[in-house]
Amino acid sequence: MLQPNYEDKNSFLYPRDRYHGKFQPNNLIFNANLQEFSQKIGYITSLETGGKLSPEEAFSQIEALWKRLEDSKNKLEIGSDLSV
């Protein structure tokens, strides 16, 4: 019997694209957070479309994810001009 390959399963369920922007640790971390946000939004919208989540619950979950992403952006100081 074949053993399941968890690495393949995880990369299928949680794909990550390479980062092509200007390398800075904060940008890299935010990019990972943004990809996670995008992946979860896809799951939530699919569940809502399939009738497994109410529109209100889907909106609530998306709003919470957005707030987490926004907090991450602020804590990592993404978009602030620190080079001046």
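**Exercise 1.** In this predicted model, determine which residues of helix 2 meet which residues of helix 3, and how the contact divides into nonpolar, polar and charged residues.

*Solution.* Begin with the helix 2 side, where the residues in contact include Phe 30, Leu 34, Phe 37, Ile 41 and Ile 44.

**Exercise 2.** Work out how helix 2 and helix 3 are oriented relative to each other.

*Solution.* Two packed helices are described by the angle between their axes and the distance between those axes. Here the axes of helix 2 (residues 25-49) and helix 3 (residues 55-75) come within 10 Å and cross at roughly 180°. Angles over 145 degrees count as roughly antiparallel, and helix 2 is therefore roughly antiparallel to helix 3.

**Exercise 3.** Identify which residues of helix 3 are buried, and which exposed residues the face turned away from them carries.

*Solution.* The buried residues in helix 3 are Ala 58, Leu 65, Leu 69 and Ser 72. Because they cover an arc of only 55° around the axis, they lie on the same side of helix 3. What covers these buried residues includes helix 2, whereas the face turned away from the buried side carries the exposed residues Glu 56, Phe 59, Asn 74 and Lys 75.

Notes: Residues are numbered from 1 along each chain as its sequence is written. This is a predicted model: local features need pLDDT of at least 70, side-chain atom pairs count only at pLDDT 80 or more; totals for chains, interfaces and linings use all residues. Side-chain values use heavy atoms; hydrogens and water are left out. Axes are lines fitted to C-alpha atoms, for helices over the stretch in contact, and angles run from 0 to 180 degrees between N-to-C directions. Helices (H or I, at least four residues) and strands (E, at least two) are DSSP runs, numbered from the N terminus. Angles under 35 degrees count as roughly parallel, over 145 as roughly antiparallel, 65 to 115 as roughly perpendicular and the rest as oblique. Contact means heavy atoms within 4.5 Å. Ala, Val, Leu, Ile, Met, Phe, Trp, Tyr, Cys and Pro count as nonpolar, Asp, Glu, Lys and Arg as charged, and the others, Gly among them, as polar. Buried means under 20% relative accessible area, exposed over 50%, partly exposed in between (1.4 Å probe, protein chains only). The arc is that of the directions from the helix axis to the C-beta atoms.
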